[in-house]
Each structure stands twice: as structure tokens, then as C-alpha cells.
Amino acid sequence: MAYFSHVMLDLYRNDHESAWRRTTDEWPHIKRSLLMNAQALRVALRHCRGRAALVMGRESGDASLLRLARREARRLLREGVPYATGWGHTLLGAIARVNGDDDEALDHLERAERELADNGHVVWC
């Protein structure tokens, strides 16, 4: 889980390039590992990857990275657990904001807050 910790630190420090570089370097290894078989880990890793793609896509203007972030968000919604659904909506809200759609962003962020708060989770992203 060093990947997760390092990427979160990179994002906290606004070092988006390092976060994205770690993601592209480590993701093939993560996909082949058994980590993706445990739902809680899979959700955290997909959310982390989605966040890294989102910030790098926003910073670089690379629409393919925003599409990747959207795919990760959709995968989180399909997990069927409240925290994954909430995190998926946080990503979709941020993507909508980057795309200039404040109404859609607010809708997703309100859905995330309801999903997370109603199930005892704290929105920390």
C-alpha cells in the first residue's frame, strides 16, 4: 500500500506530476496483484487512481485523463457499498466542476455527502 500513501502525499503537496507518474508506474503491478481481489483495497486504489488522473487531467488539459477518472468513478459506483458510491460521486463532482458544470458538480457532491454521512463516513477528499 506504499503506492496509496505516496500518491496521497503527492496530491496533498500539489505534486500532481509525481502522483500521476507513480500511478502509471505502479498500476500494472497493482492490477496483477491480489490487492484488487479485496473490495476495500480495490475501492481505495481505484479512488486514488481516479484522483491522480483528475488532477493531472485538470492541470494538463488532457481530456483522456478526465475520461479515465470518470471510468474509475463509474467503477466505484458499481461496487455496491456506500463508501465506494460516495467516493465515486466525489470524483464525478470534481470532474463536472473541471468541465464547468457547477450544477452537476453540486448534485454529485450532495449525493456523495448523503451517501457517506448517512453511513458514518467522513468526506476527506
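In what follows, Ala, Val, Leu, Ile, Met, Phe, Trp, Tyr, Cys and Pro count as nonpolar, Asp, Glu, Lys and Arg as charged, and the others, Gly among them, as polar. The model is predicted, with local features needing pLDDT of at least 70 and side-chain atom pairs counting only at pLDDT 80 or more, while totals for chains, interfaces and linings use all residues. Residues are numbered from 1 along each chain as its sequence is written, and side-chain values use heavy atoms, leaving out hydrogens and water.

A pocket here is an open set of points on a 1 Å grid over the protein atoms alone, where a 1.4 Å probe fits, with protein on both sides within 12 Å along at least five of seven lines; its lining residues have an atom within 4 Å of a point. Helices are DSSP runs (H or I, at least four residues) numbered from the N terminus.

| Feature of the largest pocket | Value |
|---|---|
| Lining residues closest to the centre | A2, Y3, F4, E26 and I30, of twelve |
| Lining by class | seven nonpolar, three polar, two charged |
| Helices each supplying at least two lining residues | α1 (2-12), α2 (16-32) |

In helix α6, the residues A105, H108, A112 and L116 are buried, that is, under 20% relative accessible area with a 1.4 Å probe and protein chains only, whereas exposed means over 50%. Seen down the axis of α6, the directions to the C-beta atoms of its buried residues fall within an arc of 70°, so they line one face of the helix. The face turned away from that buried side carries the exposed residues D103 and E113.

The cover over the buried residues of α6 includes α5 (82-98), the helix in which H89 lies. H89 is itself buried, at a relative accessible area of 6%, and, leaving aside neighbours within four places in sequence, H89 is in contact (heavy atoms within 4.5 Å) with L77, H108, L109, R111 and A112.
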